[in-house]
Amino acid sequence: MEKVREIVREGRRVGKEDPRRVVHAFKVGLALALVSSFYYYQPLYDNFGVNAMWAVMTVVVVFEFSVGATLGKGINRAVATLVAGGLGIGAHHLASLSGTTVEPILLAIFVFVQAALSTFVRFFPRVKARYDYGVLIFILTFALISVSGFREDEILDLAHKRLSTVIMGGVSCVLISIFVCPVWAGQDLHSLLASNFDTLAHFLQEFGDEYFEATEDGDIKEVEKRRRNLERYKSVLNSKSNEEALANFAKWEPRHGQFRFRHPWKQYLAVGALLRQCAYRIDALNSNINSDMQIPMVIKKKLEEPLRRMSSESGKSMKEVSISLKKMTKPSSFDIHVVNSQSACKTLSTLLKSGILNDVEPLQMISLMTTVSLLIDIVNLTEKISESVHELASAAKFKNKTKPSKSDSGSIVRAKPNKSHDDDDDDHVVTILGDVGTSNNVDQSHGEISVDSCHHVAIKIDDDDSIPEKHEDGDIHVHTSRVSCEHTNASDLLNSGVKKN
């Protein structure tokens, strides 16, 4: 009884994780019940005989969880059965012309050649990814048709019945998969990517509190719970195989919802690859936080402001992308957060060059520079992710966010410049305090960017009076210039921090 209870608990857990699994089980049962009628219903059995079992076998091996996987397997099986059946009949006919003595020898040679060549072709990466199952069925069907034809007189009738039952079983699977509570691999891939963005954003936004706030020993359970939440990023590290499988299945799927037939699934994989690179940096960052070599809080506080902004703004940018992906709209304020993180990176570089860490011990300096270097890598990766996401949004034809109404067109954005650390720098950091109206949109000459109530935006003033142009429509037009951190690395920062010692 204890084992039965354990099985029941496991079943409930699996069902709660994804209720679609329960629906899928009923769908497979329905498909098997339908194709079994070929064997139970006498008129159908008279036409197909024992070959009706091929329909049942097709349902068992073809019906998969998603529409794309089912459709891909069904097409592979149908095409492979058709081609292999035709070649098997041809091989049988050629062998029969050579006489009864040579016929079995030729059949054996034909089977050997096609099996060897087909098996070798299965190692090709593109074939392995999309057509591996089809090649496997091709080997099986060719061997069955050509060999059984040696003892079977009605070889054409045998091939026709097997092909017919295979197609009927495959069509049953595809129709039930599409029209009965469909599970789309493309939608799963889209949701997975949005979830990965959200997971990394959570870590980056919480990094400042974890790194710069002293851990209280009182509530150990709360600390452990918070640490487990931060380590959710580890699911992104192992997402490659799942993403590639979903992208492969999605290519087979017909148009559904906002996903077109030739949707840019490869671009999803490109964005996912960049996210994993970012997750590897985060994993190293998390290991550094929990290492035995802990830096005194007074030293960390010296770089707190730029480091907090770098991680927080990078996290906000990823959160913005996650929300945009869920709504399938183009991210609006994503670039603003990227610029803010790069501005913080430049502030950090200026701060280090001032010699603020001159009194730090070498071992502590190494540990601190490791954290700084990893955060700079994350900022630079965020910019690459920004470009890749824009390519995805353009290729997938995501919708723009709703434009402001005419009543909001006259709203005024109030901004105040912040003093830069370098007076000779032409770039200025402006804090957007919010606008008077209900819209928070700033037209940047070529498009609209929606900002939050308060953002630090790096802009470059091109006119002589250092006043952004105010158009008749009431919008303020500015030209943004990013503060690049690509030239900054750990060694440069380390040298700049200790060169004055």
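Which residues form a nonpolar patch on the surface? In this predicted model, the patch consists of Val-102, Ile-105, Ile-109, Phe-112, Val-113 and Leu-117, which together have about 570 Å² of accessible area. One of these residues, Phe-112, lies in helix α7, which spans residues 103-121. Phe-112 has a relative accessibility of 60% and therefore counts as exposed, the cut-off for this class being over 50%. In general, an α-helix has 3.6 residues a turn, so residues three or four places apart point the same way.

Ser-322 is found in helix α17, made up of residues 304-327. Its relative accessible area is 0%, and Ser-322 is therefore buried. Leaving aside residues up to four places away in sequence, Ser-322 touches Ala-194, Phe-197 and Asp-198. A polar atom of the Ser-322 side chain lies 3.0 Å from the backbone oxygen of Ala-194. Leu-193 is 129 residues from Ser-322 in sequence, but the C-alpha atoms of Leu-193 and Ser-322 are 7.9 Å apart in space.

The side chain of Ser-172 has a polar atom 2.9 Å from the backbone oxygen of Met-168.

A search of the whole structure for aromatic pairs returned 9. In the pair formed by Phe-203 and Tyr-233, the ring centres are 5.5 Å apart and the planes stand at 70 degrees, so the arrangement is edge-to-face. This pair links distant parts of the chain, its members being 30 residues apart. Phe-203 belongs to helix α11 (residues 185-212), whereas Tyr-233 sits in the loop between α12 (220-230) and α13 (234-237). Phe-203 and Tyr-233 are both buried. They also belong to one aromatic cluster, together with Phe-207, Tyr-211 and Phe-212.

Helix α11 also takes part in the packing of helix α14. In α14, which comprises residues 240-250, the buried residues are Glu-243, Leu-246, Ala-247, Asn-248 and Ala-250. The buried residues of α14 pack against α8 (125-130), α11 and α15 (265-289).

Terms used. Residues are numbered from 1 along each chain as its sequence is written. This is a predicted model: local features need pLDDT of at least 70, side-chain atom pairs count only at pLDDT 80 or more; totals for chains, interfaces and linings use all residues. Side-chain values use heavy atoms; hydrogens and water are left out. Patches are made of residues with over 30% relative accessible area and no salt bridge: like charges are joined within 9 Å, nonpolar side chains (Val, Leu, Ile, Met, Phe, Trp, Tyr) within 5 Å. Accessible areas come from the Shrake-Rupley method with a 1.4 Å probe; for residues, only the protein chains shown count as cover. A salt bridge is a side-chain nitrogen of Lys or Arg within 4 Å of a carboxyl oxygen of Asp or Glu. Helices (H or I, at least four residues) and strands (E, at least two) are DSSP runs, numbered from the N terminus. Buried means under 20% relative accessible area, exposed over 50%, partly exposed in between (1.4 Å probe, protein chains only). Contact means heavy atoms within 4.5 Å. A polar contact is a pair of N or O atoms within 3.5 Å; within protein, one must be able to donate a hydrogen and the other to accept it, and residues adjacent in sequence count only if both atoms are side-chain atoms. Rings of Phe, Tyr and Trp (its six-membered ring) pair if their centres lie within 6.5 Å; planes under 30 degrees apart count as stacked, over 60 as edge-to-face and the rest as tilted.
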